[in-house]
Amino acid sequence: MRWLVDGYNLLRGVSCFANLELQNPTKAKQDLLNFLEAFHRATGEKVQVYFDRYSQTGNVPLQEEHGGISVFYSRGGYTADEEIMLQMREQGEQALVVTSDREIQRAAKASRCSYLEAREFYEGVMEILHQSTDDEDVINSRLKGNAFRPREEKRKAFNRLKKFLQY
């Protein structure tokens with residue numbers, strides 16, 4: 001399994017990152033990458049995060065590593081959304097997508113990928129990270145209990161996050 005993260009969508013879809021981005025975009029992006037790295041360290045999950053590269057040069061995505069996660073910048077003439085959709089088609093059910101973008105969500109369904117919206121992913125990861133630092137129970141979590149039953153296309157991704165929670 002591999003998490004495909006729509007970088008700017010997560011950055012702007014979660015208030016703590018979005019507020020920081022207004023003041024310091026570079027720090028906000030670094031904090032986002034540190035957050036994803038912490039998720040990778042806590043779970044061992046493979047994470048690929050995609051950003052738009054605003055330069056029109058290069059016919060392959062620019063890739064760099066950041067603490068165990070892969071960071072991709074789209075190739076010239078393509079958007080990060082298009083790169084994610086290409087990966088979804090290639091990886092199929094093995095891809096878990098993080099985006100609130102409706103077009104990518106539709107493509108995820110067509111590719112039989114599970115997806116979570118940015119806020120859902122953030123909340124689930126925060127629960128995992130808090131659990132790994134202390135044993136306090138998180139109240140009213142959307143990942144615990146039977147009160148919340150995610151839609152079919154989100155179930156696999158939620159179950160994957162639940163795997164790392166200790167009750």
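Which residue stands opposite V71 in β4? It is V49, and I will come back to that pair once the overall layout is in place.

A word first on the basis of all this: the model is predicted, so local features need pLDDT of at least 70 and side-chain atom pairs count only at pLDDT 80 or more, while totals for chains, interfaces and linings use all residues. Residues are numbered from 1 along each chain as its sequence is written, and side-chain values use heavy atoms, with hydrogens and water left out.

The protein chain comes to 7 helices and 6 strands, where helices (H or I, at least four residues) and strands (E, at least two) are DSSP runs numbered from the N terminus. In order from the N terminus, the elements run β-α-α-α-β-β-β-α-β-α-β-α-α. Of its 167 residues, 50% count as buried, buried being under 20% relative accessible area, exposed over 50% and partly exposed in between, with a 1.4 Å probe and protein chains only. Taking contact as heavy atoms within 4.5 Å, 53% of the contacts between residues at least 6 apart in sequence join residues at least 24 apart.

Now to strand β4, residues 69–73, where 5 of the 5 residues are buried, so the strand is largely enclosed by the rest of the structure. Both of its faces are covered, with I69, V71 and Y73 buried on one side and S70 and F72 buried on the other. For its partners, two strands pair if DSSP finds at least two bridges between them. Strand β2, residues 46–51, pairs with β4 in the parallel sense over 4 bridges, and this brings us back to V49, opposite V71. Strand β3, residues 62–66, runs antiparallel to β4 and is joined to it by 5 bridges, with Q63 standing opposite F72. β3 and β4 form a hairpin with 2 residues between them, and G67 in the turn has a positive phi of about 55°.

Leaving aside neighbours within four places in sequence, S70 is in contact with V47, Q48, V49, Q63, E64 and E65.

D6, in strand β1 (residues 2–6), counts as buried at 5% relative accessibility, and its C-alpha atom is separated by 9.2 Å from that of I104, 98 residues apart along the chain. Beyond four places in sequence, the contacts of D6 include Y50, D81 and I104.

Finally, helix α7, residues 152–162, gives the most to the lining of the largest pocket, with 3 residues. By class, that lining has 1 nonpolar, 1 polar and 6 charged residues, where Ala, Val, Leu, Ile, Met, Phe, Trp, Tyr, Cys and Pro count as nonpolar, Asp, Glu, Lys and Arg as charged, and the others, Gly among them, as polar.
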